[in-house]
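What I looked up is set down below, entry by entry.

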Amino acid sequence: MLEVFDIRKSFGKTEVLKGIDFKLHDGEVLVIIGSSGSGKTTLLRSLNFLETPDEGKIIVDGETIFDASAPELSDAVKRQNRLKFGLVFQSFNLFPQYTVLRNVTLANELLCIEKERAQTGRKPSRARKAEIAYECEAKARELLCRVGLEQKMNNYPFELSGGQQQRAAIARALALSPSVLCFDEPTSALDPELTQEVLKVIRSLKDENRTMIVVTHEMEFASHVADRVIFMADGVIKEEGTPEEVFGNPKSSALKAFLAHSK
């Protein structure tokens, strides 16, 4: 599903990613752990085209969507490639002026209109736009029910708890049907009770065989949901393996120290 080769990224003189390589198979959950500053978030942002790597290559479903040695991609191509990944942020990033339902429908509705215009060479009619809006809203309602927000569709983000906002953000990411769903510390802004709400949703997505990359500091959750775990430190992958290998038999002193500190 996903192949990442030699991804490197610097900000000024600071080298944040120093050659990241990994593969992710269809339906797998990859959990990335590591201390702050290890490069985890920069890696996710690079996969989602929110940052441009200085070197490396990214392949999704056999298609090269980024190659640092090739000519720079146009903004339109970047937008198209970005759709292969869904990203759920730490801080929800919901639009405060829209209801929960509109937050989930908006991007998908605009995308469907853009696709139709590209296919037909003309703007959809008013009637067709209404049909697209109806279809997108039906999908959004289904997703919001799946994340347990069927009673909150017409509420605004400020009327929701942090856990509910994060679940709405997950539904919004799912609405675009990404190949790989990415989570960047999805529970870092939540208290323990609300954390469990969000982790329950992520577990349910694993049961649906969703392909996911999860950056988290929840070690117990990581050990139960991950198919494979990557431990990052100083911009490189220090260790990689099954949860049993990484958590049960850490090899590097860096990982041993990190796990001891995380308890």
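I began with Leu-87, which is buried (under 20% relative accessible area, with over 50% called exposed and anything in between partly exposed, for a 1.4 Å probe and protein chains only), since its relative accessible area is 14%. Before going on, I noted that this is a predicted model, in which local features need pLDDT of at least 70 and side-chain atom pairs count only at pLDDT 80 or more, while totals for chains, interfaces and linings use all residues. I also noted that residues are numbered from 1 along each chain as its sequence is written, and that side-chain values use heavy atoms, with hydrogens and water left out.

I found Leu-87 in strand β6; strands here are DSSP runs of E with at least two residues, helices are runs of H or I with at least four, and both are numbered from the N terminus. Leaving aside neighbours within four places in sequence, I listed Leu-44, Asn-48, Leu-50, Cys-182 and Asp-184 as being in contact with Leu-87, where contact means heavy atoms within 4.5 Å. I also looked up the distance from Leu-87 to Val-104, which is 17 residues along the chain, and their C-alpha atoms are separated by 13 Å.

**The loop between β6 and α3**

I next looked at Phe-95, which has its place in the loop between β6 and α3 and counts as partly exposed at 37% relative accessibility. Not counting residues up to four places away in sequence, Phe-95 touches Asn-103, Leu-106, Pro-157 and Arg-172. Phe-95 and Arg-8 are 87 residues apart in sequence, and I read 32 Å between them in space, C-alpha to C-alpha.

Asn-93 is also placed in the loop between β6 (85-88) and α3, and at 41% relative accessibility Asn-93 counts as partly exposed. I marked its phi, which is positive at about 60° although Asn-93 is not a glycine. Most residues other than glycine have a negative phi.

**Helix α3 against α5**

How do the axes of α3 and α5 cross? I found that helix α3 (residues 100-120) and helix α5 (residues 162-175) have axes that come within 8 Å and cross at roughly 25°, the axes being lines fitted to C-alpha atoms over the stretch in contact, with angles from 0 to 180 degrees between N-to-C directions. The two helices are therefore roughly parallel to each other, a term for angles under 35 degrees, with over 145 counted as roughly antiparallel, 65 to 115 as roughly perpendicular and the rest as oblique. The contact is made by Val-100, Asn-103, Val-104 and Asn-108 of α3 and by Ala-168, Ala-171, Arg-172 and Ala-175 of α5. By class, I noted 5 nonpolar, 2 polar and 1 charged residues in this contact of α3 with α5, taking Ala, Val, Leu, Ile, Met, Phe, Trp, Tyr, Cys and Pro as nonpolar, Asp, Glu, Lys and Arg as charged, and the others, Gly among them, as polar.

I then looked at α5 by itself and found that it is mostly covered, with 14 of its 14 residues buried. After α5 comes Ser-177, whose phi is positive, near 50°.

**Helix α3 against α4**

I turned to the packing of α3 with helix α4 (residues 126-146), where the angle is about 135° and the axes are 8 Å apart. That makes α3 oblique to α4. The contact takes in residues of α3 including Val-100, Leu-101, Val-104 and Thr-105, and residues of α4 including Cys-136, Glu-137 and Ala-140. I noted that the residues of the contact of α3 with α4 divide into 10 nonpolar, 2 polar and 7 charged.

Is Thr-105 buried or exposed? Thr-105, which is found in helix α3, counts as buried at 4% relative accessibility. Not counting residues up to four places away in sequence, Thr-105 touches Cys-136, Glu-137 and Ala-140.

**Two further loop residues**

Asp-234 lies in the loop between β9 (228-233) and β10 (236-241), and at 54% relative accessibility Asp-234 counts as exposed.
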